[in-house]
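Subject: Structure handover

Hello,

Here is the structure you asked for. My notes on it follow below.

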Amino acid sequence: MNKKILPGLIHRLPQNVMSRTMGKITASRFSRLAIRHYIRHYNIDPSIVEKPIREYRSLKEFFARRLKPGVRTIAPGDDVVASPVDGTVSQMGDIHEGTLIQAKGKQYSLADLLGDTPEAAKRFYGGKFITIYLSPRDYHRIHMPVEGDLIRYTYVPGRLYPVNQLGIEHVDKLFARNERLVTHVQTSELGRVAVVKVGALFVGSVKVMYNKATTNVKRGCKTSEDIPGTPHYQKGDELGWFEFGSTVILLFESRQLEWADDVKIGSPVLMGQKLAQLKASE
């Protein structure tokens with residue numbers, strides 16, 4: 001397709017309807033016939049998958065597969081941040097005056113991303129952020145990057161633009177326009193941490209373990225609520241999952257984080273891998 005036509009076309013597609021339709025197709029029992037082709041096409045290692053391939057009833061179920069216990073090691077330490085997902089770092093850095101970097105020359109508002117007021121978003125000013133893209137071949141369960149109390153969530157309905165390079169380059173304020181589900185975590189060492197799960201084209205939905213909140217619903221409206229009982233999660237605990245690929249953005253209130261040496265823009269990461277650590281006190 002002509003490269004000049006495609007960027008304009010993505011704004012005109014019925015993205016949410018297409019994504020719900022794809023969700024229904026991949027949830028059908030017929031779709032299980034495509035699982036082995038999917039594995040070969042994306043070069044997925046079936047030896048680390050939780051159960052035998054023949055036991056998955058649909059492509060959607062396989063896509064949201066769990067891994068065998070012990071396949072991933074969780075970086076230890078209350079002052080250490082672990083990657084919540086398998087993926088690739090697309091951006092990282094400091095949060096300057098309430099803006100984050102999407103790509104070179106493109107920025108977006110922190111308050112818009114959170115679906116919150118500029119005043120409420122100020123707690124993250126001067127902190128850090130990291131954006132991790134999950135490709136179709138990646139493991140799509142989302143885990144806790146830190147230990148802490150789950151205190152609040154916000155669901156923000158929106159578009160479902162693709163979050164691959166095409167979307168990043170051609171859709172302004174992409175992550176603040178797509179549907180997203182934000183989980184706020186209070187920690188003892190790192191202050192407030194926000195885990196932002198961003199929907200994308202053909203993502204059937206984003207689901208979380210702590211309640212029935214889900215994205216890509218018809219006539220969805222913004223929801224922001226405290227999480228009953230403020231459940232306490234350990235680092236590495238399963239937080240939720242994507243039904244097809246997308247992006248996770250981590251926001252940190254702490255200004256004292258240092259990125260791990262092997263975590264850079266463009267580098268692959270595995271769930272549980274060390275992303276950052278508090279600076280040692282002088």
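F175 is buried, at a relative accessible area of 1%. Please keep in mind that this is a predicted model.

Aromatic pairs

The structure holds seven aromatic pairs. One of them joins Y108 and F175: the ring centres are 5.8 Å apart and the planes stand at 65°, so this pair is edge-to-face. Y108 belongs to strand β4 (residues 106-109) and F175 to helix α8, so the pair ties together parts that are 67 residues apart in sequence. Like F175, which has a relative accessible area of 1%, Y108 is buried, with a value of 3%.

F252 and W259 form another edge-to-face pair, with 6.5 Å from centre to centre and 70° between the planes. F252 is buried at 0% relative accessible area, whereas W259 is partly exposed at 21%.

Salt bridges

The structure holds ten salt bridges. Among them is the one between the side chains of K51 and E61, with an N to O distance of 3.0 Å. K51 sits in the loop between α3 (35-41) and α4 (59-63), while E61 is in helix α4, so this contact ties together parts that are ten residues apart in sequence. K51 is partly exposed, at 24% relative accessibility.

E61 also meets the side chain of R57 in a salt bridge, again with 3.0 Å from N to O. R57 counts as exposed at 51%; that follows because exposed means over 50%. Together, K51, R57 and E61 are linked in a network of salt bridges.

A further salt bridge joins the side chains of K128 and D94, at 2.7 Å from N to O. K128 lies in strand β5 (residues 128-133) and D94 in strand β2 (residues 87-94), so the pair ties together parts that are 34 residues apart in sequence. Which of these two partners is buried, and which is partly exposed? K128 is buried, with a relative accessible area of 13%, and D94 is partly exposed at 33%.

Two open sheets

Strands of a sheet pair through backbone hydrogen bonds, in either a parallel or an antiparallel arrangement.

The antiparallel pairing of β10 with β13 runs over three bridges, and V206 has F242 in β13 as its bridge partner.

β15 pairs with strand β17 (residues 274-278) in the antiparallel sense, over three bridges. In that arrangement E258 stands opposite Q277 in β17.

S246 carries a UniProt annotation, "modified residue: Pyruvic acid (Ser)", which comes from an unreviewed entry. In the model, S246 is placed in the loop between β13 (238-242) and β14 (247-252). Is S246 buried or exposed? S246 is buried, with a relative accessible area of 0%.

E179 is in the loop between α8 (174-177) and β8 (180-186). E179 counts as buried too, at 2% relative accessibility. The side chain of E179 makes a polar contact of 3.1 Å with the side chain of Y155.

Regards

Definitions and conventions. Residues numbered from 1 in each chain as written. Predicted model: local features only at pLDDT ≥ 70, side-chain atom pairs only at ≥ 80, totals over all residues. Heavy atoms only, no water. UniProt positions renumbered as here; feature names shortened; annotations may be inferred. Helix = DSSP H or I, 4+ residues; strand = E, 2+ residues; numbered from the N terminus. Buried < 20%, exposed > 50% of the residue type's maximum accessible area, 1.4 Å probe, protein only. Polar contact = N/O pair within 3.5 Å; in protein donor to acceptor, adjacent residues only side chain to side chain. Pairing = 2+ DSSP bridges. Salt bridge = Lys/Arg side-chain N within 4 Å of Asp/Glu carboxyl O. Phe/Tyr/Trp six-rings, centres within 6.5 Å; stacked < 30°, edge-to-face > 60°.
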